[in-house]
Amino acid sequence: MKTLISRLAVTSAIGLAATSSAADIDLNNAEQNVSYSLGTLVAGQLANDFDNLNLEAFVEGFNAAYLGQKTLVNEKEAVAAVQDYQRKIAASKFEGALTNSEAYLVENAENDGVQVTPSGLQYQILTVAEGDKPTATDTVTVHYHGTTMDGRVFDSSVERGEPAQFPLNGVIAGWTEGVQLMSVGSKFKFFIHPDLAYGTQGAGQMIGPNDALIFEVELIKIGQ
């Protein structure tokens, strides 16, 4: 006996999905309530993980496995098929994001004042200053404002109203390289290829895999 929901209840609910409607569901009935609720949760998870599902095939596979009948694939084959599909979808999304980032950077490189280093880092000098420049092992104090290509702010010491301090070799490669080009008191704008940022991993909820990043950085101080 399955916990909360019997095999028959789940199988019947799925099997009758094409002919039943919300009006047929009695939420005062504990079994129907939990069955319906579980259905919405499972559907929500599947919708997040898969853009396209063949519901007929899904129901066939679910019914066979849930009733203990012989399935067309064993568990190992099923896991492999799902993982392979997810890898292909992820690769497609990564490639699309990389194409968009590189197209943006190619166009941006043609703008007035934008310079490109051998690594592909792009920068624009907003404020010129004379003075010392940091090395990769220095700790620096900066103000910065970070956005995505479409202008969404994902991090900003400027908006927080408090400069940030960190070792220059402890940040993304685009920062490590770029800030070394700056003198204290200068302000640069960096356009950073994902290979010099967070790559295929992304960072947090706002920086996706293969996203190019844009930072305005003011170098305030070298050393702690």
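# Contacts, strands and a pocket

Colleague: Starting at I222, which residues does I222 touch?
Modeller: I222 touches D132, K133, P134, D138, T139 and V184, leaving out residues up to four places away in sequence. Contact means heavy atoms within 4.5 Å. This is a predicted model, where local features need pLDDT of at least 70, side-chain atom pairs count only at pLDDT 80 or more, and totals for chains, interfaces and linings use all residues. Residues are numbered from 1 along each chain as its sequence is written, and side-chain values use heavy atoms, with hydrogens and water left out.

Colleague: Where does I222 lie?
Modeller: I222 is in strand β7. Helices (H or I, at least four residues) and strands (E, at least two) are DSSP runs, numbered from the N terminus.

Colleague: Why is I222 classed as partly exposed?
Modeller: Because its relative accessible area is 27%. Buried means under 20% relative accessible area, exposed over 50%, and partly exposed in between, with a 1.4 Å probe and protein chains only.

Colleague: And T139, buried or exposed?
Modeller: T139 counts as buried, at 15% relative accessibility. T139 sits in strand β3. Its contacts, again without residues up to four places away in sequence, are Q165, F166, P167, K221, I222, G223 and Q224.

Colleague: How far apart are I222 and V142?
Modeller: In space, 9.0 Å from C-alpha to C-alpha. In sequence, 80 residues separate I222 and V142.

Colleague: OK, strands. How many bridges join β3 to β5?
Modeller: Four, and β3 and β5 run antiparallel. Two strands pair if DSSP finds at least two bridges between them. V142 stands opposite A164 in β5.

Colleague: Which way do the β5 side chains point?
Modeller: They alternate. A164 and F166 point to one face and are buried.

Colleague: What about β1 and β2, parallel or antiparallel?
Modeller: Antiparallel. Three bridges join β1 (residues 114–116) to β2 (residues 122–127). V116 is opposite Q122 in β2. β1 and β2 form a hairpin with five residues between them. In the turn, G120 has a positive phi of about 100 degrees.

Colleague: How many bridges do β2 and β6 pair over?
Modeller: Five, in the antiparallel sense. T127 has K187 in β6 as its bridge partner.

Colleague: Which non-glycine has a positive phi?
Modeller: N210, at about 60 degrees. Most residues other than glycine have a negative phi. N210 is found in the loop between β6 and β7. N210 counts as buried because its relative accessible area is 5%.

Colleague: Next, the core. How many residues are in the largest nonpolar core?
Modeller: The largest nonpolar core has 23. V142, W175, F190, I192, F215 and V217 have the most contacts inside it. β3 (139–148), β5 (164–167), α6 (173–179), β6 (187–192) and β7 (213–222) each supply at least two residues of this core. The largest share, four residues, comes from β7. A nonpolar core is a set of buried Ala, Val, Leu, Ile, Met, Phe, Trp, Tyr and Cys residues joined through side-chain atoms within 4.5 Å.

Colleague: What does F215 touch?
Modeller: Among its contacts, not counting residues up to four places away in sequence, are Y144, F154, I172, W175, F188, F190 and I192. H145, G146 and K189 are also on the list for F215.

Colleague: Which lining residues lie nearest the centre of the second largest pocket?
Modeller: A57, F58, G61, A78 and V82, out of 23 lining residues. The elements giving two or more residues to this lining are α3 (55–66) and α4 (75–108). α3 gives the largest share, seven residues.

Colleague: What is the lining of the second largest pocket by class?
Modeller: It has 14 nonpolar, five polar and four charged residues. Ala, Val, Leu, Ile, Met, Phe, Trp, Tyr, Cys and Pro count as nonpolar, Asp, Glu, Lys and Arg as charged, and the others, Gly among them, as polar.

Colleague: Last one: how many helices and strands in the chain?
Modeller: Six helices and seven strands. Of the 224 residues in the chain, 28% count as buried.

Definitions and conventions
1 Å grid on protein atoms, 1.4 Å probe; cavity = no way out; pocket = protein on both sides within 12 Å on 5 of 7 lines; lining within 4 Å.
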